[in-house]
Amino acid sequence: MLVSAGYAGLAALYNIFLIAEVVALRFKLNIALGDGTREQVIELLGKFKENPDIIHDSKAVAPFESRNYRLTRAVRAHGNYLESAPMLVILVALAELNGMALWAVHTIFIVFFATRLMHRHALRSDAVAAGPFRKIGTASFLLLVVVLSLWNVYGGFIQPLISK
């Protein structure tokens, strides 16, 4: 049995949680499709129509001042997760099949879930999305992918050549 299979299940459940956040925000904001950008533009045009000089006020025209921007962030948190989780789960499962120690498999998945939670927190908070949680989460994830990729290159190509 692969330990990775259990973590793949947890990854799928976390994905469902992220989907539920997007759906809840779409219902709350009455946005059926998309990430709320269209509604943000309409909102900004309404402000501009009332006061054309608002275009010079960078804070007033910033998208994060819009109530719909929360949906944009939730959609990106989900999209980023879908861009990263499948690759990591596959790389860890292959590394496990190639003999990676179970303690390493557990550690990698724990770090992965911690990085994704940090990334989600950064995107969902009202603070600037490029804060430390997002930077640490992204850098840690990239480090995990590099380590796992090298492990699998070694286990798939180099080790079989050396073993002969």
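Ala8 is found in helix α1, where helices are DSSP runs of H or I with at least four residues, numbered from the N terminus. Ala8 and Pro86 are 78 residues apart in sequence, and their C-alpha atoms are 8.5 Å apart in space.

This is a predicted model, in which local features need pLDDT of at least 70, side-chain atom pairs count only at pLDDT 80 or more, and totals for chains, interfaces and linings use all residues. Residues are numbered from 1 along each chain as its sequence is written, and side-chain values use heavy atoms, with hydrogens and water left out.

**Helix packing**

- Two packed helices are described by the angle between their axes and the distance between the axes.
- Helix α4 (residues 69-97) packs against helix α5 (residues 102-124) at an angle of about 170 degrees, and their axes are 9 Å apart; axes are lines fitted to C-alpha atoms, for helices over the stretch in contact, and angles run from 0 to 180 degrees between N-to-C directions.
- α4 is therefore roughly antiparallel to α5, a label for angles over 145 degrees.
- The contact of α4 with α5 involves 15 nonpolar, 3 polar and 6 charged residues; Ala, Val, Leu, Ile, Met, Phe, Trp, Tyr, Cys and Pro count as nonpolar, Asp, Glu, Lys and Arg as charged, and the others, Gly among them, as polar.

**Nonpolar cores**

- In soluble globular proteins, nonpolar side chains tend to be buried together.
- A nonpolar core is a set of buried Ala, Val, Leu, Ile, Met, Phe, Trp, Tyr and Cys residues joined through side-chain atoms within 4.5 Å.
- The largest nonpolar core has 22 residues, and those with the most contacts inside it are Tyr81, Leu88, Phe109, Phe112 and Leu148.
- Helices α1 (3-29), α4, α5 and α6 (132-163) each supply at least two residues of this core, and α4 gives the most, with 7 residues.
- Apart from this core lies another, of 6 residues, among them Leu25, Leu29, Ile31 and Ala74.

**Aromatic rings**

- The structure holds 8 aromatic pairs, counted where the ring centres of Phe, Tyr or Trp (its six-membered ring) lie within 6.5 Å.
- Tyr7 and Phe109 form a stacked pair, 4.5 Å centre to centre with 10 degrees between the planes; stacked means planes under 30 degrees apart.
- This pair links distant parts of the chain, with Tyr7 in helix α1 and Phe109 in helix α5, 102 residues apart.
- Tyr7 counts as buried at 13% relative accessibility, and Phe109 is buried with a relative accessible area of 0%.
- Ring pairs link Tyr7, Tyr14, Phe17, Tyr81, Phe109, Phe112, Phe113 and Phe141 into a cluster.

**Single residues**

- Leaving aside neighbours within four places in sequence, Phe109 is in contact (heavy atoms within 4.5 Å) with Ser4, Tyr7, Leu88, Val89 and Val92.
- Ser84 lies in helix α4 and counts as buried at 3% relative accessibility.
- With neighbours up to four places away again left out, Ser84 is in contact with Phe112, Arg116 and Phe141.
- Ala74, also in helix α4, counts as buried at 2% relative accessibility.
- Not counting residues up to four places away in sequence, Ala74 touches Val22, Leu25 and Arg124.
- Asn30 is in the loop between α1 and α2 (37-50) and counts as exposed at 70% relative accessibility.
- The phi of Asn30 is near 60 degrees, a positive value in a residue other than glycine.

Key:
Angles under 35 degrees count as roughly parallel, over 145 as roughly antiparallel, 65 to 115 as roughly perpendicular and the rest as oblique. Buried means under 20% relative accessible area, exposed over 50%, partly exposed in between (1.4 Å probe, protein chains only). Rings of Phe, Tyr and Trp (its six-membered ring) pair if their centres lie within 6.5 Å; planes under 30 degrees apart count as stacked, over 60 as edge-to-face and the rest as tilted.
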